[in-house]
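Opened a new page for this chain today.

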Amino acid sequence: VALEEVEREREILKQENSRLIEDVVDIEKEKNYKQNERKLRDRVKQLEHRLERLQSTTQDAVPEHDEVFDKFLTERDKASELEHRVNKLEMTNRELEMQLDRTRELLEEE
């Protein structure tokens with residue numbers, strides 16, 4: 001009977017030892033998890049801060065972009081106006097050349 005009790009107690013102690021080892025492993029895993037979680041939270045804060053700086057920089061650059069775009073539109077309008085004037089001058093030149101040709105023909109006939 002005493003041997004059986006010792007065997008049972010030994011088995012109970014083995015089970016308790018296994019549970020304790022599992023608990024230690026779980027505690028170690030939890031420690032690692034919390035450490036990783038802390039690192040990840042810090043990284044998220046860094047990235048959020050960096051994102052805020054980038055957004056601020058981008059917002060500062062937007063007026064420059066608007067100025068450049070406005071200047072582009074102005075220059076495009078000027079180019080269009082100049083192209084229109086060139087076309088008009090070319091038409092006037094053709095008309096004058098035709099008049100000159102007619103005048104020469106009239107002079108040759110006389």
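The radius of gyration I use here is taken over C-alpha atoms, and the globule rule is 2.2 Å times the number of residues to the power 0.38. I also note that this is a predicted model.

**Entry 1: overall shape.** I looked up the radius of gyration for the protein chain and got 45 Å, while a compact globule of 110 residues would come out near 13 Å. I then checked the box filled by the C-alpha atoms along the principal axes, and it is roughly 155 × 30 × 10 Å.

**Entry 2: secondary structure.** How many helices and strands does the protein chain have? I count 1 helix and 0 strands. The helix is H1, and it covers residues 2-109.

**Entry 3: surface.** I asked what share of the 110 residues counts as buried, and the answer is 0%. The accessible surface of the protein chain comes to about 11,100 Å². Carbon and sulfur atoms own 54% of that surface.

**Entry 4: charges.** A reminder to myself: side chains of opposite charge can pair when their charged atoms come close.

**Entry 5: Glu 4 and Arg 8.** Their side chains meet in a salt bridge, at 3.9 Å from N to O. The cut-off is 4 Å, so this pair counts as a salt bridge. Both residues lie in helix H1, 4 residues apart, which is about one turn of the helix.

**Entry 6: Glu 37 and Arg 41.** I get 2.9 Å, N to O, for this salt bridge. Glu 37 and Arg 41 are again 4 residues apart in helix H1, about one turn. Are these two buried or exposed? Glu 37 is partly exposed, with a relative accessible area of 27%. Arg 41 is exposed, at 53%. The line for "exposed" is over 50%, so Arg 41 gets that label.

**Entry 7: Glu 75 and Lys 78.** Lys 78 forms a salt bridge with Glu 75, and their closest N and O atoms are 3.7 Å apart. The spacing here is 3 residues, about one turn of helix H1, where both of them lie. Lys 78 is partly exposed, with a relative accessible area of 46%, and Glu 75 is partly exposed at 37%.

Definitions and conventions. Residues are numbered from 1 along each chain as its sequence is written. This is a predicted model: local features need pLDDT of at least 70, side-chain atom pairs count only at pLDDT 80 or more; totals for chains, interfaces and linings use all residues. Side-chain values use heavy atoms; hydrogens and water are left out. Helices (H or I, at least four residues) and strands (E, at least two) are DSSP runs, numbered from the N terminus. Buried means under 20% relative accessible area, exposed over 50%, partly exposed in between (1.4 Å probe, protein chains only). Accessible areas come from the Shrake-Rupley method with a 1.4 Å probe; for residues, only the protein chains shown count as cover.
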